[in-house]
Amino acid sequence: MALLALAQAVNLGWVLLATRLYGPDAFGRYATLFAVAALVGGASALRLDVAATTATDRDAVVLLRTAVRFNLAGAALLVVGAAVLGGATGWITPLEVLTLGASTAALGLATTMVFARTRDRRYSLVAGGKLVSAVVCVVVQIALVPVAPTASTLLASVAAGYTASALLLCRFRPSPPSGALPGTRRVLGRHRAFLVASAPANLVGAVASNLPVLVVGTALGGAAAADVALALRLGQLPSALFGQALMPMLFGEIAHQLRSSPATAARSYGRALVRLAVVGLLSLTALALGAWAVAPTVLGAEWTGAGVALLLLVPALAAQFAVTPLSLTLNATGRTGQQLAWDVLRLVATGVVFLPGVLGWLGLSACLALYSAVTVLVYGVHVVLVRAALGAHLPAEPTTDATPPERAGREHVPA
């Protein structure tokens, strides 16, 4: 946890340094393109890397090898699509296409290797890989800024960081099991639930998470995207340092209680939700006020909008902080279909919220305020779904066959 916290701190420092060295336009352009890389790279494995964490040794080897192939295929398809788009519209340059493909492939491979080493219970190695990635990003970014302070340079530094992490995690892999491995089709058939339900939910969730930066960058320009991207990165720091570390423990305990004492699981969920909501609201409010006051002085007057954006996003980020560490509870109750439906709802709601901004009816501040309010409602729907699922696991109340007063004293004979 200490290594992960240090890696997140370096990541935050990297973002602040990038905003200072590269300026709002280049950073906003990078944030828009990296949102695409994060979407494709994070979803390209189709959750086969997650399936490998609980599969048998032989199945895990096949799943991880297939996930790596999917990572590379996803990056290649993105390069082809971006090149065609660039040739048709001129929206993206050839250098941006190459660095976008490299960062997408590196991110996907690093993510797959993280799950592979998680399966091996090499948690310190996973944390070390994340730290190496962050440090390499900073070094390459500083080294290349005199050459070309552009979005392509930032994408290249990200590609170098994730590549270093993937190579480190791949270097310490265990020896493969002896004997012939099962066929890929048979293994995918055994784990088809991850392809059918979990992979679509992950893809939809990734689109919903990256949609604000994508829409703002496309419709309102790089400077606006830079403000939103920096505000989201700052606002997600408490979740990265605290909430994500709690997720496996909360999920493990609630899953255990669902098997042993469902009533206890419902109470545990309620207590954890309230405490996370309070901690998230207080910490994010303090962080937002601090960023609003300090950002113009530390980063420059051109970053005033980032502090304002973070203030407007506090309700949405607080809801995310409270609900996300407990979001796996819905899967633990067997409601994977509801989880997918909820992710679709979140995506649709996010798109609808930013549509007035794209059409020019609302400004950026109004869109962010509306996005915060709608996000709180959407996460509230998730809480309702989880509570209903936990309630369905409670044992039924014992029924009493009360004897009517007029029949008292007579023997009850069933029909």
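Let's start with F27, which touches V15, A18, T19, L154, A226, A229, L230 and W303, once residues up to four places away in sequence are set aside; contact here means heavy atoms within 4.5 Å. A quick note on what we are looking at: this is a predicted model, where local features need pLDDT of at least 70, side-chain atom pairs count only at pLDDT 80 or more, and totals for chains, interfaces and linings use all residues. Residues are numbered from 1 along each chain as its sequence is written, and side-chain values use heavy atoms, with hydrogens and water left out.

So where does F27 sit? The largest nonpolar core has 81 residues, and F27 is among those touching the most other members, along with W14, Y30, F34, L100, Y269 and F354. Helix 1, residues 2-43, gives this core its largest share, 15 residues. There is another core apart from it, of 12 residues, including A52, A55, V62 and L63. By core I mean buried Ala, Val, Leu, Ile, Met, Phe, Trp, Tyr and Cys residues joined through side-chain atoms within 4.5 Å. Buried is under 20% relative accessible area, exposed is over 50%, and partly exposed is in between, with a 1.4 Å probe and protein chains only. Helices are DSSP runs of H or I, at least four residues, numbered from the N terminus.

Next, V114, in helix 4. Is V114 buried or exposed? V114 counts as buried because its relative accessibility is 16%. Beyond its neighbours within four places in sequence, V114 contacts V126, K130 and L169. For K130, 16 residues away along the chain, the C-alpha separation from V114 is 8.9 Å.

On a 1 Å grid over the protein atoms alone, a cavity is a set of points where a 1.4 Å probe fits but cannot get out; a pocket is an open set with protein on both sides within 12 Å along at least five of seven lines, and lining residues have an atom within 4 Å of a point. Points are joined across faces, edges and corners, and volume is the space filled by probe spheres set on them.

The second largest pocket holds about 570 Å³. Of its 22 lining residues, V61, L64, R117, R173 and P174 lie nearest the centre. Helix 3 (57-89), helix 4 (94-119) and helix 6 (151-171) each supply at least two of the lining residues.
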